[in-house]
Structure formats: structure tokens, C-alpha cells
Amino acid sequence: MPRKSPPNSGSADPKDWVCLAVAGAPKGVRGALRLTCYNESPSDIAGFNPLHAGPGGRLLSVSVIEHPKPNQVVVKIEGIEDRDAAAALNGTRFFVPRSRMPEPEDDEFYHHDLIGLSVVDQQDGPLGTVRAVLDFGAGELLEVVRANNRSTFMLPFTNEVVPTIDLAAGRVVVDPPEGL
């Protein structure tokens, strides 16, 4: 995996970027920062250096100094020396160009590849569009915007409820739970 990328690499198309982490609150007074990570092994986040602060944004190099929670690390960012500088990054999303990511295994998907896909039932009836893939700790959920209005509903992102994902056709086939 490349360690360097040109300062202005990649396109501005969001599909060309993968969000690996989002910055949280600083930790301590020496510029350490909490990151909530979306990669499989959060302690490996530094292996993706440099990270972009936003798609195509400023390049930042991180080093992990702590791994306090399953999806969280505390990092030191090169050039960030105090709490105020770290606090200024709170909420910043860290990206890498899609081209630097490994191809997913069979039956694995990058969340951003699912966003925008049509959601249909097993009889091909339209239900809506995938708005987000969420995880509040009890398993992943698909947030779906209904086909007929702007309201949303959640579906468990399991093989039973979501038996088919067809990226080429741009659709997700679901077997919604009773009562949806």
C-alpha cells in the first residue's frame, strides 16, 4: 500500500474516497486526539498515512498512541502540538483515495458503495434508497429513505434481511421483517 500520495490526488467525486475515521475530542493538553475508526482494525489506521482531512483535503499523518475502545484510538497528528489545535479538528472526517484500499472480499462491501442503491423487496417492489449504514453497537443497520416520501426506516444489515446486494445493478434486495 502506498505511503505517499500527491497533495492534490484523486477526484472530488465522493465515490472515489473512503472515510476511515472521524475526529472526536482531544485527549490531554499535548495535541492527542480521539478518532472513531471505520476500518477493520482501528489500531492499523496509521498504515493508511497520509490521511486527507476531507476528500482531497489537507494531508495529515497519524501515529496511534492508545487503543481504549474497540472502534476508537487516540492518535498524535504530525504538526498538532496542543489541545486547541487538536480541538480544531473535532468532527473532521479522515479519508483516503479509494484506489489505495484493498478490494473487498466476496460478500463484503464498503459502506459508501451501498449508499444510494435502490432498495427493493423480493418481488421487486420499490421500498426506497439506502441513505446510510449505521452501527450503534448491536449490529449494522441500513437507513432507507422511503420511495414515496422523505421519511426513513431502518433494516438490520444481516444476511436474513438483506439476502442480495447487486452493486452492478445498483440495488439491494431485502426480505423486510413483518410489520415494516
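User: What is the strand order in the open sheet of 6 strands?

Analyst: The order is S11-S10-S9-S8-S13-S12, and the pairing in this open sheet is mixed. Strand S11 (152-156) and strand S12 (164-166) stand at the edges with a single partner strand each, so one side of each has no neighbour in the sheet. From one strand to the next, the twist averages 35°, where axes are lines fitted to C-alpha atoms, for helices over the stretch in contact, and angles run from 0 to 180 degrees between N-to-C directions.

User: Before we go on, what kind of model is this?

Analyst: This is a predicted model, in which local features need pLDDT of at least 70 and side-chain atom pairs count only at pLDDT 80 or more, while totals for chains, interfaces and linings use all residues. Residues are numbered from 1 along each chain as its sequence is written, and side-chain values use heavy atoms, with hydrogens and water left out.

User: And what counts as a strand, or as a pair of strands?

Analyst: Strands (E, at least two residues) and helices (H or I, at least four) are DSSP runs numbered from the N terminus, and two strands pair if DSSP finds at least two bridges between them. Strands of a sheet pair through backbone hydrogen bonds, either parallel or antiparallel.

User: In which sense do S8 and S13 pair?

Analyst: Strand S8 (residues 118-121) pairs with strand S13 (residues 171-174) in the parallel sense, over 4 bridges. Val120 has Val173 as its bridge partner in S13, and Val119 stands opposite Val172 in that strand.

User: Which residue in S9 does Val119 stand opposite?

Analyst: In S9, Val119 stands opposite Gly128; S8 and strand S9 (residues 126-135) pair in the antiparallel sense over 3 bridges.

User: What is the phi of Asp124 in the hairpin of S8 and S9?

Analyst: The hairpin has 4 residues between the strands, and Asp124 takes a positive phi near 70° there, although Asp124 is not a glycine. Asp124 is partly exposed, because its relative accessible area is 49%, and the scale calls a residue buried under 20%, exposed over 50% and partly exposed in between (1.4 Å probe, protein chains only).

User: How many bridges join S2 to S6?

Analyst: Strand S2 (residues 32-37) and strand S6 (residues 72-77) run antiparallel and are joined by 5 bridges, and Lys76 in S6 is the bridge partner of Ala32.

User: Which peptide bond is cis?

Analyst: The bond from Asn49 to Pro50 is cis, with omega near -5°, and Pro50 lies in the loop between S2 and strand S3 (51-53).

User: Is His112 buried or exposed?

Analyst: His112 is buried, because its relative accessible area is 17%, and its place is in helix H2 (residues 111-114). The side chain of His112 makes a polar contact with the side chain of Arg98 at 3.4 Å; such a contact is a pair of N or O atoms within 3.5 Å, and within protein one must be able to donate a hydrogen and the other to accept it, while residues adjacent in sequence count only if both atoms are side-chain atoms.

User: Last one, where is Asn159?

Analyst: Asn159 is in the loop between S11 and S12, and Asn159 is exposed, with a relative accessible area of 53%.
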